[in-house]
Every structure is written in structure tokens, then in C-alpha cells.
Amino acid sequence: MTDVRSICAIGQRGQLGLGGHLPWEGNRGEEYVADVQRFFHITRGHVLVAGPKTIASVPRFAYDDRTIEVIRSGERPEDVIARFPGRVVFIGGGPPVWDVYAPFIRHWDVTRLPYDGPADRWFKPDWLVAATHMRPSVDAR
């Protein structure tokens, strides 16, 4: 069975994005740097699938030790996940992607950062419980 997860950081009030970027992008504070390092450590050796904008922001070095693939809005989540049987698949890409993939995500790794500024994208707590009403698991065939 494919292990579907998501990893993200949010601000103090659930902030996720601002103008197409992380609101704290470029912040060199210790917590922010540690969060980026943790993301690359946890996803190492696994699969990261996300929309085109998110994948475009992934640095070249990350392609060396993880499978990275762009997903499109016309693809069924079941079909995308089935391409990686027996793997750990991290779903990235923010609200539009998580709205569709949340029912398949069995583990959420959410870090709360000290950011408390503006945002135009927010974390939805409903995503955390979507898997409790999950369709049958995606099996490798």
C-alpha cells in the first residue's frame, strides 16, 4: 500500500501563502532555516508530488535524492498515487491540491512557525480529518 503524507509549515494563525509564495520566504531566522532543512531531510528518498508552481520552486539539488513529479488538476488522485506502489508519497502544493488529495493523506506533519503577518492562503483544519472518511486505500496492482 502507498503511504500518502503531507508536510507543511504554517504561521501562528494558520497562514500558508502570500502572493504565490511562503509568507516567510527568505527569512533567515533559526526556526525558518531549521524547518526547510527538516523538510528536505524528511522527504529524502521518498516521492514529492505537487502542482507546477510548487515543483518549480524546488531547488535542483532536491532531485538527487527523491522522486519529484508535477501533478495536473485533470489527474485523478487515485491514479497519481497508484504510480508509486509501496512508496511514501508526500503531497505538496497548498490549498488547491490538498482540497483534492486530503482524503488520501494518512499523515500530516505540520510545523507552526513564529510568523504572524499577512497571508492570502490558509491551512484548513478540515484537511486533517478528511482521511477519516477516506475511500478504500490505494493498492499497488
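These legends describe views of a predicted model.

Local features need pLDDT of at least 70, side-chain atom pairs count only at pLDDT 80 or more, and totals for chains, interfaces and linings use all residues. Residues are numbered from 1 along each chain as its sequence is written, and side-chain values use heavy atoms, without hydrogens and water.

**View 1. The chain holds five helices and seven strands.** Helices (H or I, at least four residues) and strands (E, at least two) are DSSP runs, numbered from the N terminus. Their order from the N terminus is β-β-α-β-α-β-α-β-α-β-β-α. The C-alpha trace spans about 45 × 35 × 25 Å along its principal axes.

**View 2. About 1300 Å³ of space lies in the largest pocket.** A pocket is an open set of points on a 1 Å grid over the protein atoms alone, where a 1.4 Å probe fits, with protein on both sides within 12 Å along at least five of seven lines. Grid points are joined across faces, edges and corners, and the volume is the space filled by probe spheres set on them.

**View 3. The lining of the largest pocket numbers 38 residues.** Lining residues have an atom within 4 Å of a point. H21, L22, E25, T54 and S57 lie nearest the pocket centre. Helix α1 gives the largest share, six residues. Elements that each supply at least two include β1 (3–10), β2 (15–17) and α4 (95–101).

**View 4. Burial across the chain.** Of 141 residues, 43% count as buried, meaning under 20% relative accessible area with a 1.4 Å probe, protein chains only.

Note on methods
Buried < 20%, exposed > 50% of the residue type's maximum accessible area, 1.4 Å probe, protein only.
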